[in-house]
Each structure stands twice: as C-alpha cells, then as structure tokens.
Amino acid sequence: LGGSDPRMKADIKTVGKLDNGLRVYSYRYTDDPMEMKHIGVMADEVEDVHPEAVTVLPPAFGHLAGMKIVDYARATA
C-alpha cells in the first residue's frame, strides 16, 4: 500500500502512463524533511477505474485520517 492522496504530495509532475491508462507521477511527500522523490499514481485517479484498490484511512491514523492509500497490486491488475 502506498500513500497516494494528492493532498500528501508536492512538486507533482507527470512522468508516464501505465498500460491500463493510469498516469504515473514523480512527487515528494509534503511532510518528508529529506524531500525524497517518489514515483507513483494518484488515489483519486485510481479510484475512478479501480475503486476496490483505494482505502480511506480511518481516524486511528491521526493526522493522516481521511487520506487515501492505494493497493498497487489491485490498481495495476
């Protein structure tokens, strides 16, 4: 599972497209002090084509509650 909610990301740039049509992005997480670059999809776009691959984090996750995460195996199947 990956944190794929656009609200968690900054410096978002499209870098490609998967065979299933989902766009792939480079980004960094807004709360990462090391500002490492990552590659992945956006949960809202995955939700449009594979809603079963997206989970909304519950209140137990504190400040991340309400954020969406993606099960990449399901999203790319």
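User: Okay, is E47 buried or exposed, or something in between?
Analyst: E47 counts as partly exposed, because its relative accessibility is 29%. The cut-offs are under 20% relative accessible area for buried and over 50% for exposed, with partly exposed in between (1.4 Å probe, protein chains only). Keep in mind that this is a predicted model: local features need pLDDT of at least 70 and side-chain atom pairs count only at pLDDT 80 or more, while totals for chains, interfaces and linings use all residues. Residues are numbered from 1 along each chain as its sequence is written, and side-chain values use heavy atoms, leaving out hydrogens and water.

User: Got it. Where is E47 found?
Analyst: E47 belongs to helix α1. Helices and strands here are DSSP runs numbered from the N terminus (H or I, at least four residues, for helices; E, at least two, for strands).

User: And what is E47 in contact with, leaving aside its neighbours within four places in sequence?
Analyst: Setting those neighbours aside, E47 is in contact with V54 and K68. Contact means heavy atoms within 4.5 Å.

User: Which side chain does E47 meet in a salt bridge?
Analyst: That would be K68, at 2.6 Å from N to O. E47 in helix α1 (residues 43–49) and K68 in strand β6 (residues 68–70) are 21 residues apart, and their pair links distant parts of the chain. For a salt bridge, a side-chain nitrogen of Lys or Arg has to be within 4 Å of a carboxyl oxygen of Asp or Glu.

User: How far is E47 from A75, going by C-alpha atoms?
Analyst: Their C-alpha atoms are separated by 8.7 Å, though E47 and A75 are 28 residues apart along the chain.

User: Back to salt bridges. How many does the structure hold?
Analyst: There are 4. One of them is the E47 and K68 pair.

User: Which residue forms one with D11?
Analyst: R28 does, with the closest N and O atoms 2.7 Å apart. R28 is in strand β3 (residues 23–29) and D11 is in strand β2 (residues 9–17), so this pair ties together parts that are 17 residues apart in sequence.

User: Are those two buried or exposed?
Analyst: R28 counts as buried, because its relative accessibility is 17%. D11 comes out at 37%, so D11 counts as partly exposed.

User: What about the phi of D11?
Analyst: Phi of D11 is near 55 degrees, which is a positive value in a residue other than glycine. E35 also has a positive phi, near 50 degrees, and is not a glycine either. E35 is partly exposed, with a relative accessible area of 48%.

User: Which side chain does D5 meet in a salt bridge?
Analyst: D5 pairs with R7, at 2.7 Å from N to O. D5 counts as buried, since its relative accessibility is 3%, whereas R7 is exposed, with a relative accessible area of 53%.

User: New topic: rings. How many aromatic pairs are there?
Analyst: The structure holds 1 aromatic pair. Y27 and Y29 make up this edge-to-face pair, 5.4 Å centre to centre with 80 degrees between the planes. Rings of Phe, Tyr and Trp (its six-membered ring) pair if their centres lie within 6.5 Å; planes under 30 degrees apart are stacked, over 60 edge-to-face, the rest tilted.

User: Are Y27 and Y29 buried or exposed?
Analyst: Y27 counts as buried because its relative accessibility is 3%. Y29 counts as buried too, because its relative accessibility is 17%.

User: What sits over the ring of Y27?
Analyst: The charged end of K9 does, 3.8 Å from the ring centre. That label needs NZ of Lys or CZ of Arg within 6 Å of the ring centre and within 35 degrees of the ring normal.

User: Let's zoom out. What pattern does the chain follow along the sequence?
Analyst: The order is β-β-β-β-α-β-β-α, which gives 2 helices and 6 strands. The chain is as compact as a globular protein of that length, because its radius of gyration is 12 Å, close to the 11 Å that the globule rule gives for 77 residues. The radius is taken over C-alpha atoms, and the rule is 2.2 Å times the number of residues to the power 0.38.

User: What does the C-alpha trace span?
Analyst: About 35 × 25 × 15 Å along its principal axes.

User: Last one: what percentage of the residues count as buried?
Analyst: Of the 77 residues in the chain, 38% do. Also, among contacts with a separation of 6 or more, 37% come from residues 24 or more positions apart.
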